[in-house]
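Thank you all for coming. I would like to take a few minutes to walk through one model, beginning with a pair of charged residues and ending with a pocket.

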Amino acid sequence: MPLTHHTAPYFDARDKALAQRWAHWQPGLPSLPGQAAGKAPTLDHFNPGDKPFSLGNKADDKAAVEELAVELDALQNLFYADKRYKLLVVLQGTDTSGKDGTIRGVFGRMSALGVHAVGWKAPTEAERARDYLWRIHEQVPQAGDITVFNRSHYEDVLVPVVNSWITPEQHQQRLAHINDFERMLSETGTIVLKFLLHISPQEQRERLQERLDDPAKHWKFSMGDIEVRKQWSDYRKAYNTLLAATHTPWAPWTIVPADSKTHRNLMVATLLREVLHNLDLSYPTGDPALQHFTVV
């Protein structure tokens, strides 16, 4: 893995080939104090149509996703029993990038007792009356839980930036706040795993049109999506900025090429399994007094 500066060990892939593939889909680290600034790659360097984790064909990839879902269900049960960690999975991406589909395909087999999905919308009036991270902190996982964010606190360095609702100085402050917030979570036992679901404008157009053409998907369509689509280049610029600023050793980003829905799920599930395996999870030791107890 390319991450340095005290990278958490659970982000280190054990398999060298897997580590190399994973590294290829990560942006560069932000410059730290005392370092020369480096130019981080932008989203233009990552092809949303690539399938780096594919087994060669769609049928095999689908079968692999199903197998991984079963394995992840068992790992989630162990994670819940172990209770040494909390896991926050951030799914960030443009409209139609597949956040809902990833939750269904990767996390759908897990127990609802230990996995919670949070979908973030525009803040309410009460939420706007507080600092922008207040509502986020309220939803982070507790010990033994996995929480999946459908969108996230990164909306607060996207929408307000593109629409010029905050100043450049406030933008930089927020990026620093987010790094500090995620570092605090990491240092208090929360694993922060961030996935940017990366699709092309052509794929988004097809998915939006599909929502219009299928009556069963009309509820998913909003004219607001069209307005946001007109700002594609501005959002791309904002994403490039946040990736360069917030890809950290304690909360790294992985860019997931997501034009293929099956491959998207396969890649996220594979990396999630790797992280969970790296935790060396175990069931708690039972009460010795119960070793010879017999239920009658």
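Predicted model: local features only at pLDDT ≥ 70, side-chain atom pairs only at ≥ 80, totals over all residues.

Let me start with Arg-207 and Glu-203, both of which are buried, where buried means under 20% relative accessible area, exposed over 50%, and partly exposed in between, with a 1.4 Å probe and protein chains only. These two residues form a salt bridge whose closest N and O atoms are 2.8 Å apart, a salt bridge being a side-chain nitrogen of Lys or Arg within 4 Å of a carboxyl oxygen of Asp or Glu. Because they lie four residues apart in helix 8 (residues 201-213), Arg-207 and Glu-203 are separated by about one helical turn. Helices (H or I, at least four residues) and strands (E, at least two) are DSSP runs, numbered from the N terminus.

Residues are numbered from 1 along each chain as its sequence is written, and side-chain values use heavy atoms, with hydrogens and water left out.

By the salt-bridge rule the count comes to 14. Which residues are linked in a network of salt bridges? They are Asp-95, Arg-151 and Glu-155. Asp-95 and Arg-151 meet at 2.5 Å, N to O, and this pair links distant parts of the chain, 56 residues apart, with Asp-95 in the loop between strand 1 and helix 3 (99-107) and Arg-151 in the loop between strand 3 (146-150) and helix 6 (159-162). Arg-151 also meets Glu-155, at 3.3 Å, N to O. Arg-151 counts as buried because its relative accessibility is 19%, and Glu-155 counts as buried because its value is 15%. Asp-95 is buried too.

Now to the sheet, which is open and has five strands in the order 2-3-1-4-5, with parallel pairing; two strands pair if DSSP finds at least two bridges between them. The edge strands, each pairing on one side only, are strand 2 (115-119) and strand 5 (253-257), and the twist averages 20 degrees from one strand to the next, with axes taken as lines fitted to C-alpha atoms, for helices over the stretch in contact, and angles running from 0 to 180 degrees between N-to-C directions.

Is strand 1 mostly covered or mostly open? Strand 1 is mostly covered, with eight of its eight residues buried, and the burial holds on both faces, with Val-90 among the residues on one side and Leu-91 among those on the other. Val-90 stands opposite Lys-194 in strand 4 and opposite Phe-149 in strand 3, while Lys-194 in turn has Trp-253 of strand 5 as a bridge partner.

Helix 7 (residues 168-187) lies across strand 1 (86-93) and strand 4, running at about 135 degrees to strand 4.

Finally, the largest pocket has a volume of about 1400 Å³. On a 1 Å grid over the protein atoms alone, a pocket is an open set of points where a 1.4 Å probe fits, with protein on both sides within 12 Å along at least five of seven lines, and lining residues have an atom within 4 Å of a point. Grid points are joined across faces, edges and corners, and the volume is the space filled by probe spheres set on them. Of the 48 lining residues, the closest to the centre are Asp-95, Lys-99, Trp-120, Lys-121 and Arg-151.

Note on methods:
Contact = heavy atoms within 4.5 Å.
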